[in-house]
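Colleague: Could you walk me through reading a structure like this one, feature by feature?

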Amino acid sequence: MTLQEKMKKELKSKRIFELAKKYAYEYIDGMDSMDAFPKEETLRLLHHFDESLKDESSSAEEIITQLHQYGSPTTTAQSSGRYFGFVNGSTIPVSVAAKWVSDVWDQNGGLFYTSAINSKLEQVCETWLKDIFNLPPSTVAGFVSGTSTANLCAIAAARFALLKKQGWDVNENGLMGCPPIRIVVHDQTHSSIKKTLALLGLGKKSIEWIPTDQQGRILVDQLPKLDSNTLVILQAGNVNSGAFDNFEAVCTQANKADAWVHIDGAFGLWAAASKSLNFLTKGIEKASSWAVDGHKTLNTPYDCGIVLCKEKDALISSMQATGEYLEYSHQRDPILYTNEMSKRARAIELWATLKYLGKSGIDELVTSLHKNALTLSKQLGSSGFKIVNEVVFNQVLVACENEKETLKCLDNLKKSGTIWLGGSTWQGESVIRISVCSWYTDKSDIQKTIQTFIKARNQP
Ligand SMILES: *Cc1c(COP(=O)(O)O)cnc(C)c1O
């Protein structure tokens, strides 16, 4: 049998897909009892992948079985309700199912002519997202791998627009000898912003750094005088404390000066979708660009990020680097709105997730993450732990009596298997960082988490 014949047989017989489905179901059924992060001895299973690439083709069944046998146990239980690490979302069932269907389609989401369905669903998602976040009608969206890339696209658009206003085409002339642009960033900005600024030739020394308050919010009275050459970068959801900048106050000043405001709202922009939390995002519609993830708060599968930009021309021109539009078809060509060419048709799962939840479901999801964070903070507080931040969204920063106890407790928590979370430093103090990001977290997960904390504190 030739390799082609072998593959056609596998495709038509569907046996490996049935096998994959069986293993996926086993995984789903075992989720509640699995460790939040694999223990040392489980991680040893990864050695099974240490093999040299054979000359001959391997069996498809064996590959899928190997993956399940040694891969499934060594995964992070991100889909469970007890993984509180970083700011990592779970997945909503219909989103995974939609991804399965689209995986078989294997669409290149770059163009209308490579995937009409992705192009259509990007357009639908763009409209829905503008509605959810209450953004200006002129806003366009690009669908990217995550907020890191969304920040990159937005800040490239800002750079293009700020220089264009001064008669400088950055695509044509580059940055050498360009008119000055000012970058105003606060000291609690996310690392992806610093990375983006460096990538775009806007190094750290050219930044005007603004101090923040105890929660990590920009001190508005410390803002310098803004002008039309200025880019201000704000944050909806501090990655540690979950705090939100005062968008209303900063954007009002920025709009008067015709400055560009970009908001990194990776997980926090979704507060806008919650009736009880949307006070946190008041004024976001006055900014010029926004970055947000689907894969965190909204619980879409990885990878899913969105760049939103009020000026279509700025985003498209900066992403195409031609200084003009390239209309490839009379339909939406996704490639125009991002730095990527070939790309995953990720709007498919995003569409499925948004449609499934509906506006009230998104509100319920976002609000529930906050409620769970509040419950955790209250119960940990009454169990003698210090809660270091104001729990305004989904982040809870926890400390013990002293630094040494906090680090010991964190170490024990990580080894527990019951839950997983990371550490950080906040205002110079070591903290245990809880990020509530999974729709799956319920009362029993919260109870288990509290008990695990108490046990971890009492253990040597
Ligand atoms: C997670 C995060 C990012 C980066 O987003 P990715 O999706 O991981 O690329 C940027 N900013 C903030 C505030 C974040 O929480």
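Colleague: What share of the contacts with a separation of 6 or more joins residues 24 or more positions apart?

Modeller: A contact here means heavy atoms within 4.5 Å. In the protein chain, residues 24 or more positions apart account for 73% of the contacts with a separation of 6 or more. Before we go on, keep in mind that this is a predicted model, where local features need pLDDT of at least 70, side-chain atom pairs count only at pLDDT 80 or more, and totals for chains, interfaces and linings use all residues. Residues are numbered from 1 along each chain as its sequence is written, and side-chain values use heavy atoms, with hydrogens and water left out.

Colleague: How many helices and strands does the protein chain have?

Modeller: Both are DSSP runs numbered from the N terminus: helices are H or I with at least four residues, strands E with at least two. The protein chain has 14 helices and eleven strands.

Colleague: What does the radius of gyration say about the overall fold?

Modeller: The radius is taken over C-alpha atoms, and the globule rule is 2.2 Å times the number of residues to the power 0.38. For 460 residues a compact globule would come out near 23 Å, and the protein chain has 24 Å, which agrees. Along the principal axes, its C-alpha trace spans about 65 × 60 × 45 Å.

Colleague: And what percentage of the residues counts as buried?

Modeller: Buried means under 20% relative accessible area, exposed over 50%, and partly exposed in between, with a 1.4 Å probe and protein chains only. By that rule, 52% of the 460 residues are buried.

Colleague: Let's turn to charge. How many positive and negative side chains are there?

Modeller: Lys and Arg count as positive, Asp and Glu as negative, while His and the chain ends are not counted. Each charge is placed at NZ of Lys, CZ of Arg, CG of Asp or CD of Glu. The protein chain has 50 positive and 51 negative side chains, with the centres of the two sets 3 Å apart.

Colleague: How many salt bridges turn up in the whole structure?

Modeller: A salt bridge needs a side-chain nitrogen of Lys or Arg within 4 Å of a carboxyl oxygen of Asp or Glu. The search finds 27 of them. Take Asp445 and Arg82, whose closest N and O atoms are 3.8 Å apart. Asp445 is in helix H14 and Arg82 in the loop between helices H4 and H5, so this pair ties together parts that are 363 residues apart in sequence. Asp445 counts as buried at 4% relative accessibility, and Arg82 is buried at 4% as well.

Colleague: Where in the chain do Lys343 and Glu122 sit?

Modeller: These two form a salt bridge with closest N and O atoms 2.9 Å apart. Lys343 is in the loop between helices H11 and H12, whereas Glu122 is in helix H6, 221 residues away. Both are buried.

Colleague: What separates Asp103 from Lys99?

Modeller: Four residues within helix H5, so about one helical turn.

Colleague: Which residues are linked in a network of salt bridges?

Modeller: Asp303, Glu340, Arg344, Arg346 and Glu349.

Colleague: Last one: is His370 buried or exposed?

Modeller: Buried, with a relative accessible area of 12%. His370 belongs to helix H12, and beyond its neighbours within four places in sequence it is in contact with Leu277, Val391, Val392 and Phe393.
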